[in-house]
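Here's a quick tour of the structure you're about to see. Have a look at it first, then read on.

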Amino acid sequence: MPMNTSFIPSEDRLDLSFYGDLDLTISEDVCRVSADIPLSLRTCILDLTRLDRVFDSGIAMLWMLNEQLKRIGTTVVVLSDHPDILRRVPRIMTNALNVVPQDVPRARESALRL
């Protein structure tokens with residue numbers, strides 16, 4: 001599975017880490033996670049730092065996930081150093097708190113402490 005999930009109930013936080021290719025191969029995993037998102041979810045951290053390649057289909061999946069999170073009022077934090085993600089995420093994820101480059105450890109640590 002090109003995605004790892006971790007839910008932290010005490011913080012109402014969901015961490016999603018993607019690796020490999022961001023494309024349609026993640027659709028089943030993203031749909032499964034989307035179906036189980038609690039309405040009380042406060043924060044979702046999308047770690048995109050381990051991606052090799054980014055395709056339009058993967059960006060569309062992130063957009064769909066973001067739309068669901070936006071409807072329930074979840075704050076989204078995106079971690080990425082991928083140029084395509086850094087260029088495209090602000091346009092597709094309007095409620096994302098920030099996009100934090102991987103090579104800025106202090107910024108990444110502070111984003112994770114939300």
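**Ground rules**

Helix axes here are lines fitted to C-alpha atoms over the stretch in contact, and angles run from 0 to 180 degrees between N-to-C directions. Helices (H or I, at least four residues) and strands (E, at least two) are DSSP runs, numbered from the N terminus.

This is a predicted model, where local features need pLDDT of at least 70 and side-chain atom pairs count only at pLDDT 80 or more, while totals for chains, interfaces and linings use all residues. Residues are numbered from 1 along each chain as its sequence is written, and side-chain values use heavy atoms, with hydrogens and water left out.

**Two helices side by side**

H1 and H2 pack at an angle of about 5°, and their axes are 11 Å apart. H1 brings Ser 27, Val 30, Cys 31 and Ser 34 to the contact, and H2 brings Met 61, Leu 65 and Gln 68; contact means heavy atoms within 4.5 Å.

H2 itself has 16 residues and spans 23 Å from first C-alpha to last, close to the 22 Å expected at 1.5 Å a residue (the expected span is 1.5 Å times one less than the number of residues). Its buried residues are Gly 58, Ile 59, Met 61, Leu 62, Leu 65, Asn 66, Glu 67 and Leu 69. Buried means under 20% relative accessible area, exposed over 50%, and partly exposed in between (1.4 Å probe, protein chains only). Just past H2, Gly 73 takes a positive phi of about 80°.

**The core**

The largest nonpolar core has 24 residues, and Leu 16, Phe 18, Leu 22, Leu 46, Leu 48 and Ile 85 touch the most other members. Such a core is a set of buried Ala, Val, Leu, Ile, Met, Phe, Trp, Tyr and Cys residues joined through side-chain atoms within 4.5 Å. Beyond its neighbours within four places in sequence, Leu 16 is in contact with residues including Met 3, Val 33, Leu 46 and Leu 65.

**Two spots worth a click**

Gly 20 sits in strand E2 and is buried, at 17% relative accessible area. Its C-alpha is 6.8 Å from that of Arg 53, 33 residues away along the chain.

Asp 12 lies in the loop between strand E1 (3–8) and E2. Asp 12 has a positive phi of about 50° although it isn't a glycine, and at 21% relative accessibility it counts as partly exposed.
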